[in-house]
Amino acid sequence: MNQPVGLPPPPPSLGVRDLNRLRVIESIHLHPGSSRTDIARRTGLSRGTVSSVAEELDQAELIREHEAPGEEQRHRGTGRRPTLLSLVPGAAFAVGIDIGHQHVRVIVCDLAGEPVAEQWSRAQVDEAPSATLDLAHDLVRRALREAAVAPRRVIGAGIGLAAPFDPATGEIRADGILPGWQGVVPETEMRRRLGMPVQLANDADAGALGENVFGAGQGVSDMTYIRLSAGVGAGLILGGRPYGGARGIAGEVGHVCVKPDGVICRCGNRGCLETVASPVAVARQLEHVIEAPAGEELLGLIAAGDRRALRAVADAGEAVGFALSAVVNVLNPELVVVGGELAAAGDALLDPIRATIHRHSLAGAATTARVITGVLGDRAEVLGAAALALARSPAALVERMRAPA
């Protein structure tokens, strides 16, 4: 899996021995299947120190030794097979929580990022922060029981939430978007409920992270992920790292005006992209000719080639492409990944997006930006939330080794 999340700085209280452990674990975390020589080169530690730390980690059952497959078994022409080191996937686990406008999803992943349990529930989130966070807590406990994972083996949880928040305080600042959540600090609330470290991200940012670490954007340093669901927003990966802007609002393309004379958006502005390109907005365009098609019914009409549904989706795609053309010009991403429920419309949606980006963007920027559908579907956000927690796994494993038996 790709690793775009910057590792947190080491705690100032760490001594030399623990710092060496941290460097070795970080190297193995970022480069699974590394030899001791590789680790020494990357960390600047002596090979003897690396070997000593690796022995401690092996005794603590945090790493495993294995041989390189195939041609990689030959070591500089000597015929020797180098022993490689990787983290034991089940040595620790991370929790991802995706809180949308109408659902809560939870996933438990091992250190390799492989899901081991998942829970989902429909929910009316916008006006009910306490009930929603209680539900998320309940789903986490259910998922941990399903995976037979004790809470003490969990390094932390990440949350993707469908609202902007102040990165300095963690408070939700979402007038009209999640009206009942104004001033709520979800990190603090979930930390109190779960008894573990918690990190918060906007849901589109979490989706971008999920596709970049586990999905269509692996190996891509500059990409935009746009989520077309009950809410519309974009997540940004720039220079290989998530980018949220000065106040965590970067990527809010769902509230870019694409139709000045359009309907009033829940944010208070008029003609926002969200009012024309969410699944609900697309279905609304068809209400006078088709009886309230929504969700799978709308996608079924598109798959069946219904001209009315195709027209509505094409209009939405043109609006999305218009908003993204500014993003393409300003940020020059290599990849644009389209996710959310409406992404299942496929080329009926993507072709108008591509054509509009090409029409309104600089030629060099437009030809650079490939537009594709995400591969993670509705799990992009929850896997990205888990990736937030996985980024702190090296420090968490060192803390575990420091703890008294």
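How are helices H4 and H5 oriented to each other: roughly parallel, roughly antiparallel, roughly perpendicular or oblique? In this predicted model, helix H4 (residues 129-147) and helix H5 (residues 186-194) pack at an angle of about 40°. Angles under 35 degrees count as roughly parallel and those from 65 to 115 as roughly perpendicular; H4 and H5 are therefore oblique to each other. Their crossing is right-handed. On the H4 side, the contact is made by Ser130, Leu133, Asp134, Ala136, His137, Val140 and Arg141, and on the H5 side by Glu189, Met190, Arg193 and Leu194. Sorted by class, the residues of this contact comprise five nonpolar, two polar and four charged.

Two packed helices are described by the angle between their axes and the distance between the axes.

| Helix pair | Angle between axes | Distance between axes |
|---|---|---|
| H4 and H5 | about 40° | 10 Å |
| H6 and H13 | about 80° | 6 Å |
| H2 and H3 | about 115° | 9 Å |

Helix H6 covers residues 203-214 and helix H13 residues 380-390, and the two pack at an angle of about 80°. That value makes H6 roughly perpendicular to H13. H6 contributes Asp203, Ala206, Gly207, Leu209, Gly210, Glu211, Val213 and Phe214 to the contact, while H13 contributes Ala380, Glu381, Leu383, Gly384, Ala385, Ala387, Leu388 and Leu390. By class, the contact of H6 with H13 holds ten nonpolar, three polar and three charged residues.

Helix H2 (residues 36-43) packs with helix H3 (residues 47-59), and the crossing of H2 and H3 is right-handed. Here Arg36, Thr37, Ile39, Ala40 and Thr43 of H2 meet Arg47, Val50, Ser51 and Ala54 of H3. The contact of H2 with H3 consists of four nonpolar, three polar and two charged residues.

A further helix, H10, is described by its own geometry. H10 has 25 residues (residues 307-331), which should span 36 Å at 1.5 Å a residue; the C-alpha atoms at its ends lie 35 Å apart, in agreement with that expectation. H10 also carries a kink of about 25° centred on Leu324. Just after H10, Asn332 adopts a positive phi of about 55°.

Note on methods:
Residues numbered from 1 in each chain as written. Predicted model: local features only at pLDDT ≥ 70, side-chain atom pairs only at ≥ 80, totals over all residues. Heavy atoms only, no water. Helix = DSSP H or I, 4+ residues; strand = E, 2+ residues; numbered from the N terminus. Expected span 1.5 Å × (residues − 1). Bend = angle between axes of the 7 residues up to and from the residue. Axes fitted to C-alpha atoms, helices over the stretch in contact; angles between N-to-C directions. Parallel < 35°, antiparallel > 145°, perpendicular 65-115°, else oblique. Left-handed = near helix turned anticlockwise from the far one by under 90°. Contact = heavy atoms within 4.5 Å. Nonpolar A, V, L, I, M, F, W, Y, C, P; charged D, E, K, R; others polar.
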